[in-house]
Amino acid sequence: MTVLKRQMKRYALFFLLLVVNAVLLLAAPEVGKESLRMSFAQLTEMLTIIPPVFLLMGLMDVWIPKEVMMKYMGKGAGIRGGVFAFALGSLAAGPLYAAFPMASVFLKKGVSLLNVFLFIGAWSTTKIPMMFFEVTQLGVKFALARFFLNLASIILLAFIMERTTGEKESEAIYQRACAQQKDH
Amino acid sequence: MFTKILYAGAFVWLLLSFLKDREKTKTALKKAWKSFENILPSVLAVLLLIGFVLTVLDPDLISKAIGSDSGLFGLLLAAVIGCITLIPGFIAFPLAASLLRAGAGYTQIAVFVSTLMMVGVATLPLEMQYFGKRAALKRNALSLGAAVITSLMVGVIMK
């Protein structure tokens, strides 16, 4: 495949959606405009969060040796590794999509699948800064009930995810993580 | 607040890295850029998807849909809305609070908040790129199940 063709293929879904939006602009200008406005609003939010996340990713990749990550969160790290992964996710904030690139560096550094899913689960649901805010908005009882129930389900989910991921798929996930920084 | 800490952390680390080893820093920056460029197509697609979703589902519509006596239908709707929208917590919690005051059930609100956080249909293309189709779909499906079950329990607790 030529370079151009390959690039076109990568951006196919984006172009398709762009066409949909263009059609929308013609058919229902108000809706189309609103949709684009929403996309731009989201874009600015993403643009504020993306640079530091990827910068940290690159720095982490270069400076933290694989052995260290494996020791703390690898397959042999046991419960301590799980607690560590969970704490890292819980202390974070920001949208879930920012957790994926972080998780891929973890994978690249040999962190176990279980711990990666714990990290993602914690990032998505049991973020400590968010919980404080939830308490002020929805009350202590509601926030704590949700927190502890979700804590249990995150752990359960991480185990299910790990157990149901076959060797081949798991291999593919690790390879995918390693390929994230390669050229096309 | 968190974003500021993130920026501070990234820049301090970058500065230290630069002072210690320029070559390594260059590699880090290159890797950062490549990782970003790698997901750029998905990010752009996700942005447009979010635009569509948020246009159709504005907060007004959401309040009406899972309001006071929406019952099981409201629960399912709350789950669907939570799954496909991408609302940051600092907007979602006040919205949830106002919905509660307007008479929405605790179960519906819990399901809305939980799916909002754990399930991301709009960001699926991005997640698939990192974890593959199967794992990404599985994680979202399991999370949806967990959100519904825990929310029903929250509803009982709050009674």
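Predicted model: local features only at pLDDT ≥ 70, side-chain atom pairs only at ≥ 80, totals over all residues.
1. The structure holds 3 cavities of 30 Å³ or more.

2. The space in the largest cavity amounts to about 100 Å³. Its lining draws on both chains: chain A supplies A:Phe117, A:Ile120, A:Gly121, A:Ser124, A:Thr125, A:Ile154, A:Leu157, A:Ala158 and A:Met161, while chain B supplies B:Met118, B:Arg139 and B:Ser143.

3. Two or more residues of that lining come from each of α7 (113-125) and α9 (140-163) of chain A, and likewise from α7 (124-158) of chain B. The greatest contribution is that of α7(A), which gives 5 residues to the lining of the largest cavity.

4. In composition, the lining of the largest cavity comprises 7 nonpolar, 4 polar and 1 charged residues.

5. Residues of chain A in its lining include A:Thr125, A:Lys127, A:Met130, A:Met131, A:Glu134, A:Ala143, A:Arg146, A:Phe147 and A:Asn150; from chain B come B:Phe93 and B:Met117. The elements that give two or more residues here are α8 (128-138) and α9 of chain A, and α9(A) gives the most, with 4 residues.

6. By class, the lining of the second largest cavity divides into 6 nonpolar, 2 polar and 3 charged residues.

Conventions: Residues numbered from 1 in each chain as written. Chains lettered and ligands numbered in written order. Heavy atoms only, no water. 1 Å grid on protein atoms, 1.4 Å probe; cavity = no way out; pocket = protein on both sides within 12 Å on 5 of 7 lines; lining within 4 Å. Points joined across faces, edges and corners; volume = space filled by probe spheres on them. Nonpolar A, V, L, I, M, F, W, Y, C, P; charged D, E, K, R; others polar.
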